[in-house]
Structure formats: structure tokens, C-alpha cells
Amino acid sequence: KPTPPLRLSPEKLPCERETLVVITTLLFGGDKDDGIFERLEEFWLRNEHKGLRFGILGDFCDCREPKLDGDDVIAKNAAEHIKRLNAEYGDNFALFLRRRTKNSSGIYGGRERKRGAVVDLIKALRGGEKPETFICPFDMSKISYLLTLDSDTELPIDGAIELLSAAMHPENMPVLKDGRVVSGYGIFQPAVRTRLADSTRTYHALFGSRSSGVYERASYDRYQTLLGSGVFCGKGLIDIELFEKLALSAVPDGIILSHDVIEGGLLRTLLVSDCTFSDSTPKNSISCFRRQHRWVRGDVQNLAFLGKTFRNGCQTVNNNFSALSKFKLFDNVRREAVPVFSFFGLLAASFLNENAASLMILFSLAFMLLPLVFDIGSLLCTWSFPCAARRFFSKGVTAGIWQSFLRFLLSLSALPKNAFVTL
């Protein structure tokens, strides 16, 4: 497993380098927005520190008009929540609510979605154009790090402080060369697990929560273990100065979907394995495949960064990606293509003789069978663990084996759909 990184003690964190923790979300008004601001208040209470600031990085919902009648009410409600938090806990809360812009599909919404929101926020922090609704009672020039969270992400007690203490350690300070970070780190990625309440909400969530794609790889990242550099999945601590210097000009606007891995390759990502955030998981197969389709499209688009140059608007730009970063981009596509080759392997087995067909089926299903075998072996080792209350462990082992087996059946039944979505 990855070795926990070196870090400073919270008492030694320099106060002159502050961190802004933001929740990126859509605002609709009403009770749903009230829950977002209650969550922001909880995050402050869990991570109260003189070097931390908190905020909402919001957008209005997509529509076919630049402005709706209820937008002013939504903005006013959000501003009142921020003012209340500042009055109760001091001037530590900010609001960044962007206006809609028209995209290439003719729809009005937040420019470039989440990445556009983060880019606009960083520009505003460095004296650029401010969002339409802007409340910031503290000195923005002191903000050195940005911690981005989704609306369904849980920030644990001292989670932000743990990431910041790792970022501040001298061993992790970034060193720049040839337009990228070659030593140290510019992004600090926590481990991400499925939230317990969501993992048992439906049968699909129960069986699929242990294999949640990019988040599983963020929790146990072999790149970090073997090569000293992890993969950024969008939730983590970002060095604002490095992001502004390396990522703003290097990543094209309006072209790619999966920008996180690109930014993580330029800024170099450290997996903080002993700091765990929790997130939701798709509750059914439809939402799961929709999310997978977006990820596959983004990963395939990123193949444009494998060459020595790439197109950024009308210009051809030199590619500063390292060989490891390029391999990560390729490996994402290779991993997504496994169900396709598995499905066609099963089809090909129907045209072979009995022995060749059995071997082809075994190889085609190996990526699903091996996790099942490893899960059962791990659970059986737990069963043999000497304990006075071993009968309770044996009940858990039996349930765990059935869960692993049912997860295998679910993956097998969804293989044709999985291959179709990937294609």
C-alpha cells in the first residue's frame, strides 16, 4: 500500500499561506440550496483553522435563456446564507456565483462546467474578473491553495488540515522544469471511498460500491506506490500559483471532458493515502452507465496529448507531458477497452472447438474472475483468524463471499451493455 506522506504538524502551518475550500455545485433555490450551505457550515466546524477559508463556487442551471426569473431570488438566498455564516463564525466564508454563458450547443450555463468554474475562481483570486455574484470578506491575495469538493463529497474531521500539512512539508515542495513539475507535488489527492449510507441504498450500489472506477484507483493507486506519482480525480488540494502557471495555458478550452488527469500530470499528484474523503455512488445501472460514458469520452479525447504537440485553439503547442503522464492517459483507455475485448472474445469462442473455446472464455472473463478469487481468499484468511468470537466473523465471511459472487454475476450480466457504452 502507499506509504503515508511526510507532513508538518498543524501547529507549524504558516498562516501567511491560506487555503480556500470550495464546494462546486449548481444552485436551484429552496431547501436543496439550504442543504449545501448547511454542509459548508459542517465543513467549517470539522476543520476550523486560522489558515482555512470556505466558500461556494456555484452556477445556475442550464437553460435556453441567459437569465430566468428566479435567478435573482437564488442569488439573494445564497448571499444571505453567506452573510449569516460570516456573522456567526467570522469573515471566513465566500460566495462565487457565475452568470450563464452560451455554449456551442446553444445552451446557456456555466462556462466549461467545473473546470471553467475553477479557472474563473483562480483568475478572480489573482485580481481578474469577478463573478456576477461575489462576496469575499477576506484578503484573496493570501490564498495559496484551493481545495475543490463536489456537492456530494464529505470532508472529514481535519481532512483539509491533513492535506495542507502534507503540502507544506519541504519534501513535497514542487520543482519546475520544462513546463511541468518534475519533483515534489502541486496537487494533493485524498483517498476517496463510497459513502456508507449510499453504498447500501440500492442493490446496485451495494454490489458496485467496491468497484467505483476512478475513485477506487484514487484510493489504492499503484502509480503512487511504484512510481511516486498518483492520479488526480478532481477532488484535492491544488497549488494555485502552479495551476495558473502550468495548467491554464496548457489545457485547451471547450475541447476535453476529463481535464483532471491532464492537470494532475502537469502539476504532479501526491496520493495522501491516510486521508480519506467519501463520496456518493450511482444508485442504479442507468446513472452508472451515463457516468461511465462521460469518462470514456474524456479518456479517448485525452489521447490527443500522447504526441509531441497538440492543438490549442488555432495554435500548435508543444506537449510538456512526461512519459509517465502519457502512459497514464493510454492506460485509462486500455482499461476502459477491456469489456469490449472481453465481449468479442466470448463471441469468438462460439466459433471455436471445445478446448479452444474454454480457454478463450477463461481469458475473456479473467478480469472479473480474478477479483472474485482474491476476495474469497482474503475473506477466508479472515475466517481463520484466531478470535474468541470467531462465529461472528464466520457469518460476516459467508455474507462477504456471497456479495463477491453476486458482484461477479452483476458484472457478467452487464458486460454486453458495458461494451456497448464503451464503444
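Biologist: What makes residues 388-395 a stretch to treat apart?

Modeller: This is a predicted model, and pLDDT stays under 50 over residues 388-395. On a confidence scale from 0 to 100, that is below the chain average of 83. The model has 5 contacts beyond four places in sequence for that stretch.

Biologist: And which helix has the lowest mean pLDDT among the elements?

Modeller: Helix α7 (residues 214-219), with 48, whereas strand β3 (residues 93-97) has the highest, 94.

Biologist: How do you know that glutamate 162 and arginine 7 form a salt bridge?

Modeller: Their closest N and O atoms are 3.1 Å apart, and the cut-off is 4 Å, so the pair counts. Glutamate 162 sits in helix α4 (residues 159-167) and arginine 7 in the segment before β1 (18-27), so the bridge ties together parts 155 residues apart in sequence.

Biologist: What about glutamate 42 and arginine 46?

Modeller: The closest N and O atoms there are 3.4 Å apart, again inside the 4 Å limit. Both residues lie in helix α1 (residues 31-46), about one turn of the helix apart. They also belong to a salt-bridge network with Arg39 and Glu154.

Biologist: Why is cysteine 275 called buried?

Modeller: Because its relative accessibility is 4%, and buried means under 20%. Cysteine 233, at 8%, is buried too.

Biologist: How many disulfides turn up in the whole structure?

Modeller: The search finds 0.

Biologist: Why is leucine 303 only partly exposed, then?

Modeller: Its relative accessibility is 31%; exposed would need over 50%, and buried under 20%, so leucine 303 falls in between.

Note on methods:
Residues are numbered from 1 along each chain as its sequence is written. This is a predicted model: local features need pLDDT of at least 70, side-chain atom pairs count only at pLDDT 80 or more; totals for chains, interfaces and linings use all residues. Side-chain values use heavy atoms; hydrogens and water are left out. Buried means under 20% relative accessible area, exposed over 50%, partly exposed in between (1.4 Å probe, protein chains only). A disulfide is a pair of cysteine sulfur atoms within 2.5 Å. pLDDT is the predictor's confidence in each residue, from 0 to 100. Helices (H or I, at least four residues) and strands (E, at least two) are DSSP runs, numbered from the N terminus. Contact means heavy atoms within 4.5 Å. A salt bridge is a side-chain nitrogen of Lys or Arg within 4 Å of a carboxyl oxygen of Asp or Glu.
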